[in-house]
Amino acid sequence: MTGSVFDIAHMLAGGLVLVSMMMLYQDRLYALLNVFALHSLVLTLSVAWQAVIQDAPHLFVTAAIALIFKAIIIPVVLHRMIRQLGIHREIETVVGIGPTMLAGLGLVALATVVMLRVTPSADPIAREDLAFALSVLLLGLLIMVTRRNAVSQVVGFMSLENGLVLAATGAKGMPLVVEISVAFSILIAFIVIGVFLFRIRERFDTVDVRALDDFKGRRRK
């Protein structure tokens with residue numbers, strides 16, 4: 001394996017972690033969606049590069065799915081949904097941006113240490129990709145936990161799934177049937193989430209998930 005092959009794979013997978021950190025920093029929905037589109041674009045490039053170096057043409061299908069659905073269709077649809085629902089475009093967070101970023105850095109360090117220690121004999125590219133993928137996954141969970149807006153939590157969930165795709169492709173790819181089933185699962189989940197958001201907006205006149213907690217508390221009383 002030449003040094004340039006490893007460096008490019010390392011740069012693309014590391015870029016995905018960097019863009020995940022950028023998502024943590026965003027405090028406006030439109031900016032968050034734009035960064036998520038960039039996140040999916042970097043994933044597309046990473047998967048396409050893995051297809052080249054692994055000589056696995058079926059991974060180009062995964063790259064195309066990420067590009068078409070995640071980098072283009074889903075961000076555009078969410079932009080329109082925000083306008084139609086009249087959602088407040090500032091993102092309310094559970095904690096401040098500063099502590100959230102520090103927590104994100106801690107999770108990246110933890111993921112790197114854990115993954116590199118448990119895979120000492122694995123292929124170098126696979127080790128790096130798995131460490132970066134675990135970092136992306138944990139950062140996606142952090143976005144979901146620290147954001148109160150339902151749309152931003154949806155974005156966190158989809159960025160988490162990007163980490164899973166990175167892990168699967170870095171570990172010498174995955175069967176085409178799995179890629180297609182994952183793509184349809186994400187599409188169905190996105191449709192369900194869209195209906196869910198419209199129902200929340202109609203019922204509570206907001207998509208802040210605290211409204212659900214308040215409603216549940218009133219029902220118990």
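These questions and answers walk through a predicted model of one protein chain.

Me: How many helices and how many strands does the chain have?
Reply: Read along the sequence, the pattern is α-α-α-α-α-α-α-α. The totals for the chain are eight helices and zero strands.

Me: What share of the residues of the chain counts as buried?
Reply: A residue is buried when its relative accessible area is under 20%. The chain has 221 residues. The share of them that counts as buried is 45%.

Me: Among contacts with a separation of 6 or more, what share joins residues 24 or more positions apart?
Reply: The count takes the contacts in the chain with a separation of 6 or more. Residues 24 or more positions apart account for 76%.

Me: Are helices α1 and α5 roughly parallel or roughly antiparallel?
Reply: Helix α1 covers residues 3–25 and helix α5 covers residues 124–146. Their axes lie 9 Å apart, at an angle of about 5°. Angles under 35 degrees count as roughly parallel. That angle therefore makes α1 and α5 roughly parallel.

Me: How many residues in the contact of α1 with α5 are nonpolar?
Reply: From α1, the contact includes Val5, Phe6 and Leu16. From α5, it includes Ile125, Phe132 and Leu139. By class, four residues of this contact are polar and two are charged, while the nonpolar ones number 16.

Me: How do α2 and α3 run, roughly parallel or roughly antiparallel?
Reply: Helix α2 spans residues 29–53. It packs against α3 at an angle of about 175°, with the axes 7 Å apart. Angles over 145 degrees count as roughly antiparallel. So α2 and α3 are roughly antiparallel.

Me: How many nonpolar residues does the contact of α2 with α3 have?
Reply: This contact also has six polar and two charged residues. Its nonpolar residues number 21.

Me: Which helices does the salt bridge of Glu161 and Lys70 tie together?
Reply: The structure holds one salt bridge. The side chains of Glu161 and Lys70 meet at 1.7 Å, N to O. The two parts are 91 residues apart in sequence. Lys70 lies in α3 (residues 59–85) and Glu161 in α6 (residues 150–170), so the helices tied together are α3 and α6.

Me: Is Lys70 buried or exposed?
Reply: Buried means under 20% relative accessible area. Lys70 has a relative accessibility of 7%.

Notes: Residues numbered from 1 in each chain as written. Predicted model: local features only at pLDDT ≥ 70, side-chain atom pairs only at ≥ 80, totals over all residues. Heavy atoms only, no water. Axes fitted to C-alpha atoms, helices over the stretch in contact; angles between N-to-C directions. Helix = DSSP H or I, 4+ residues; strand = E, 2+ residues; numbered from the N terminus. Parallel < 35°, antiparallel > 145°, perpendicular 65-115°, else oblique. Contact = heavy atoms within 4.5 Å. Nonpolar A, V, L, I, M, F, W, Y, C, P; charged D, E, K, R; others polar. Salt bridge = Lys/Arg side-chain N within 4 Å of Asp/Glu carboxyl O. Buried < 20%, exposed > 50% of the residue type's maximum accessible area, 1.4 Å probe, protein only.
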